[in-house]
Amino acid sequence: MFNLAGKVAIITGSSRGIGKAIALRFAENGVHIVVNYVRHRQDAEETARLVQERGAECLVIKANVANDEDVVAMFQQIKERYGRLDFLVSNAASGVLKPAMELSSRHWNWAMDINARALLTLAQQAVPLMLDGGRIMAVSSLGSVRAVENYTAVGASKAALESLVRHLAVELGEKKITVNTISAGAVDTEALKKFPNRKQILDTALARTPMGVLTTPDDVADVALFLASDLAKMIHGQTVVVDGGYSIRA
Ligand SMILES: NC(=O)c1ccc[n+]([C@@H]2O[C@H](COP(=O)([O-])OP(=O)(O)OC[C@H]3O[C@@H](n4cnc5c(N)ncnc54)[C@H](OP(=O)(O)O)[C@@H]3O)[C@@H](O)[C@H]2O)c1
């Protein structure tokens, strides 16, 4: 239906959680997948196994997206293997959860480098490989536009990420490369286990979500697939919110 067979995608942070769901959804549609991770090789290999089970090729690359040398080396491998790239999904994220008054420059730079600056380096490496146009997507959160307890550094980095998406969109439109953000509501992944009030976050999200269910990694992957398809060719520079309506509540 989406006609993506034989295309090539890199999804950063696709060893687990939302990135993994996007990798599998793309693989089901015939897209060859580059799985990226930084610490947990076993998880990345499990994603690769599931990608291959769906009939797509898979390349697993360890690279810290905040490290320029790692990113350059990763794209060198993609160039050698495929000579091209169609989709870049900048999904990997990290961050220290602390009140603003307790944040150090190191905490700030950590979040900014991994969550925001990485997209710039990734895009600079990806665009020369997007020979027939392409799609760039960044995965963000509602903390980019709202104040969430202990989320200061990550929220600010997501706001920077969404701004970068708009600037890239203006620059890359003429190359027929669309650039968009997918912003998700609370999704129960490993990332949420870092929050001491995880249960409260999930209970509140569920109670406030008009659709009556929590957003899942697969829900986010469905939107990524749509944005990758021809159906979305005129969606450009936007933030698409996937949260079952959570964020529209007063
Ligand atoms: N979960 C939520 O409630 C939620 C809501 C809205 C938006 N999001 C966003 O969705 C995205 C994915 O979140 P998630 O919940 O799926 O996270 P997750 O389960 O914690 O997975 C994070 C992934 O990123 C990788 N990663 C972390 N730091 C990296 C780095 N420096 N370089 C390369 N890879 C790195 C991890 O690899 P390793 O396992 O090797 O460390 C892992 O594959 C993030 O952008 C997040 O902000 C999440």
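Modeller: First, a definition: helices (H or I, at least four residues) and strands (E, at least two) are DSSP runs, numbered from the N terminus. This is a predicted model, where local features need pLDDT of at least 70, side-chain atom pairs count only at pLDDT 80 or more, and totals for chains, interfaces and linings use all residues. Residues are numbered from 1 along each chain as its sequence is written.

Now the ligand. 30 residues surround the ligand. A residue is near a molecule if its C-beta atom, placed from the backbone, lies within 6 Å of it. The closest are Gly13, Gly17, Ala93, Thr189 and Ala191. Helix 1 (17-28), strand 2 (32-37) and strand 5 (134-141) each give two or more residues to this shell. Helix 1 supplies the largest share, three residues. By type, the shell has 14 nonpolar, twelve polar and four charged residues. Here Ala, Val, Leu, Ile, Met, Phe, Trp, Tyr, Cys and Pro count as nonpolar, Asp, Glu, Lys and Arg as charged, and the others, Gly among them, as polar.

Next, Leu202. Leu202 sits in helix 6 (residues 198-208). Leu202 is partly exposed because 16 other C-beta atoms lie within 10 Å; buried takes 20 or more, exposed 12 or fewer, and partly exposed falls in between, with C-beta atoms placed from the backbone. Beyond its neighbours within four places in sequence, Leu202 is in contact (C-beta atoms, placed from the backbone, within 7 Å) with Ala186, Asp188 and Leu214. Leu192 is ten residues from Leu202 along the chain, and their C-alpha atoms are 9.0 Å apart.

Notes. Two residues are in contact if their C-beta atoms, placed from the backbone, lie within 7 Å.
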